[in-house]
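Biologist: I am new to this structure and would like to learn how its features are read. Could we go through them slowly, with the general idea before each case?

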Amino acid sequence: MAPIRKSPRNGLVKMYLSNIAVDPDRTARLIEIAKTSLWPLLEGAISYTIPLTIISFIFGLLLAILTALARITHVKILQVIARIYVSAIRGTPLLVQLFIIFYGLPNVGVTLDPFISAVIGFSLNVGAYASETIRAAILSISKGQWEAGYSIGMSYSQVLQRIILPQAARVSLPPLSNTFISLVKDTSLASVVLITEMFRRAQEITSRNYEFLLVYTEAALIYWVICSFLSVLQQYMEKRLDRYDV
Amino acid sequence: MISIKGLYKQFDQLEVLKGIDLEVEKGKVVVVIGPSGSGKTTLLRCVNVLETPTKGVLTIAGQTLDFSKNVSKKSIASFRRLTGMVFQNYNLFPHKTALENVMEGPIIVKGEDKAKARKKAQELLEKVGLGDKIDDYPSRLSGGQKQRVGIARAMAMEPEVMLFDEPTSALDPELVGEVLKVMKDLAREGMTMMVVTHEMRFARDAADEVMFMDGGVVVERNKPNEIFSNPKEERTKRFLNMIM
């Protein structure tokens, strides 16, 4: 058997474990905390993290399609508006955007519910980033597809909906899945606008028992499970959309 | 059936069509030949307004577009429905089966009932010899099969005129015949056709008239026998010598 290399990290883990081992009471306490905090964390995920992700992604995607179309039209003013929007969102931190919406807007008389603030912030964010993905995907579909649609009498919006977007969807699925998975994790920032999503739940639990390593790791594992599930879903969807592309 | 008067097309600085006049009677087949860059494809694309002519008057089956005035999108769309277009690169919808490709126009544009559109699409695909391929995606089909689906897709809209833009140029030689056969069948059934092609045999066999274009103008038009055996213009002679 190969000798086990002793690294400092290895040492730390050992210390933590031996700490538990020498103290059976502490072991029992940790197990108890892990058990009792699981449900509040999951509840945070189910009632906030997941709905926030899904709602923001849907609005964000609609915004992204509109922005992408605005970028590729020949109407100058729409192009300019879309460009400024994308540039502003990509050029500023999400955390700052959330602070402006939730803490800043009340100064001009606009007070929003925390959840709505977060949905607006995340949707604007997804809209800006995904619009670039969708724009590239639409432009990757050959001009001949537009012409074929027009040649059988379709209108611009019919060609777009029936011919171009379905093909662009396949092209943009992998990058959009990345955006979606990032969004799941980014929702932890909603904790700063008072939403008791999963990460804020974890903070609340640790403020009572000081078991940071345990509870934050537990939260991390739940994020990981959610994102792994989404990766599987992505593969399934790619396969389905691939049916015509031998 | 088709009437083209004083048609010009300019791309930026480049004038591609320099005043085309043409009449095609109902049921006639006109084959357009000419060297590359002569404007023959642009002419065809102007007839269904995939390119907007700079000026000129187009009439098909009684509907007229005058490009010296402003032409609305709506009138272009309804004008386009008079024509069916077959592309050099097929341009089939890759995310739809052969049958769905053919059904798309009737259902979405004409608002036809699905069952009826399906039946008609099936008949059209059988007619072009693809009755056993209706549920295949284009990626499964050979070039010749794809092009026949393309013809069926255009025919499903029941156009007054069929336009073919080098329909066999992208095909392997052994697949050209099956596409030309479908085109000849259409011609025999009395379809009015405008065909841009390098297939001189098709021109000889199926055309009522052959039109030679060069430098954005029509140099010579005549019956196929006449133009091939007895070309009158020097440029026509030179071109025919090069390709035959």
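Modeller: Let us begin with a term: a residue is called buried when its relative accessible area is under 20%, exposed when that area is over 50%, and partly exposed in between. Please keep in mind that this is a predicted model. With those cut-offs, A:Phe199 counts as partly exposed because its relative accessible area is 28%, and A:Tyr216 is partly exposed as well, at 29% relative accessibility.

Biologist: How is a pair of aromatic rings described?

Modeller: A pair of aromatic rings is described by the distance of the centres and the angle of the planes. Over all chains the structure holds 10 aromatic pairs. One of them is formed by A:Trp146 and A:Tyr150, a tilted pair with 6.3 Å from centre to centre and 35 degrees between the planes.

Biologist: Where do A:Trp146 and A:Tyr150 lie?

Modeller: Both are in helix H6 of chain A, residues 143–151, and they are four residues apart, which is about one turn of the helix. A:Trp146 counts as buried, its relative accessibility being 14%, whereas A:Tyr150 is partly exposed with a relative accessible area of 22%. For another case, take A:Phe199 and A:Tyr216, whose ring centres are 5.7 Å apart with the planes at 35 degrees, so this pair is tilted. A:Phe199 belongs to helix H8 (residues 198–209) of chain A and A:Tyr216 to helix H9 (residues 212–241) of chain A, so the pair ties together parts that are 17 residues apart in sequence. Ring pairs also link A:Phe199, A:Tyr210, A:Phe212 and A:Tyr216 into a cluster.

Biologist: Now for charged residues: what is the general idea, and how many salt bridges are found over all chains?

Modeller: Side chains of opposite charge can pair when their charged atoms come close. Searching the whole structure gives 24 salt bridges over all chains. In chain B, B:Glu178 forms one with B:Arg148, and their closest N and O atoms are 2.8 Å apart. Since B:Glu178 lies in helix H6 (residues 173–188) of chain B and B:Arg148 in helix H5 of chain B, the pair ties together parts that are 30 residues apart in sequence. B:Arg148 is buried, with a relative accessible area of 10%, while B:Glu178 counts as partly exposed at 25% relative accessibility.

Biologist: Which residue meets B:Lys110 in a salt bridge?

Modeller: The side chain of B:Glu158 does, with 3.1 Å from N to O. B:Glu158 is in the loop between helix H5 (143–155) and strand S7 (161–165) of chain B, and B:Lys110 is in the loop between H3 and helix H4 (114–127) of chain B, so this pair ties together parts that are 48 residues apart in sequence.

Biologist: Can a whole helix be read for burial in the way a residue is, and why is helix H1 of chain B described as largely enclosed by the rest of the structure?

Modeller: Seven of the eight residues of that helix, residues 40–47, are buried, so it is largely enclosed by the rest of the structure. Among the buried ones are B:Leu43, B:Leu44 and B:Arg45. B:Arg45 has 11% relative accessibility and forms a salt bridge with B:Glu51, the closest N and O atoms being 3.0 Å apart. B:Glu51 is buried too, at 16% relative accessibility. Just after H1(B), B:Val49 takes a positive phi of about 60 degrees.

Biologist: How many residues does each chain bring to the contact between chain B and chain A?

Modeller: Chain B gives 23 residues and chain A gives 20 residues. The area buried between the two chains is about 2,000 Å², with carbon and sulfur atoms giving 59% of this area. B:Phe93, B:His95 and B:Ile108 supply 27% of the area that chain B buries against chain A, more than any other three residues.

Biologist: What does the rule for salt bridges find across this interface?

Modeller: Two salt bridges are found between chain B and chain A. B:Glu104 forms a salt bridge with A:Arg162, and the closest N and O atoms are 2.6 Å apart. On the side of chain B that touches chain A, the residues divide into 10 nonpolar, six polar and seven charged.

Terms used. Residues numbered from 1 in each chain as written. Chains lettered and ligands numbered in written order. Predicted model: local features only at pLDDT ≥ 70, side-chain atom pairs only at ≥ 80, totals over all residues. Heavy atoms only, no water. Contact = heavy atoms within 4.5 Å. Buried area = accessible area lost by both parts, 1.4 Å probe. Salt bridge = Lys/Arg side-chain N within 4 Å of Asp/Glu carboxyl O. Nonpolar A, V, L, I, M, F, W, Y, C, P; charged D, E, K, R; others polar. Phe/Tyr/Trp six-rings, centres within 6.5 Å; stacked < 30°, edge-to-face > 60°. Helix = DSSP H or I, 4+ residues; strand = E, 2+ residues; numbered from the N terminus. Buried < 20%, exposed > 50% of the residue type's maximum accessible area, 1.4 Å probe, protein only.
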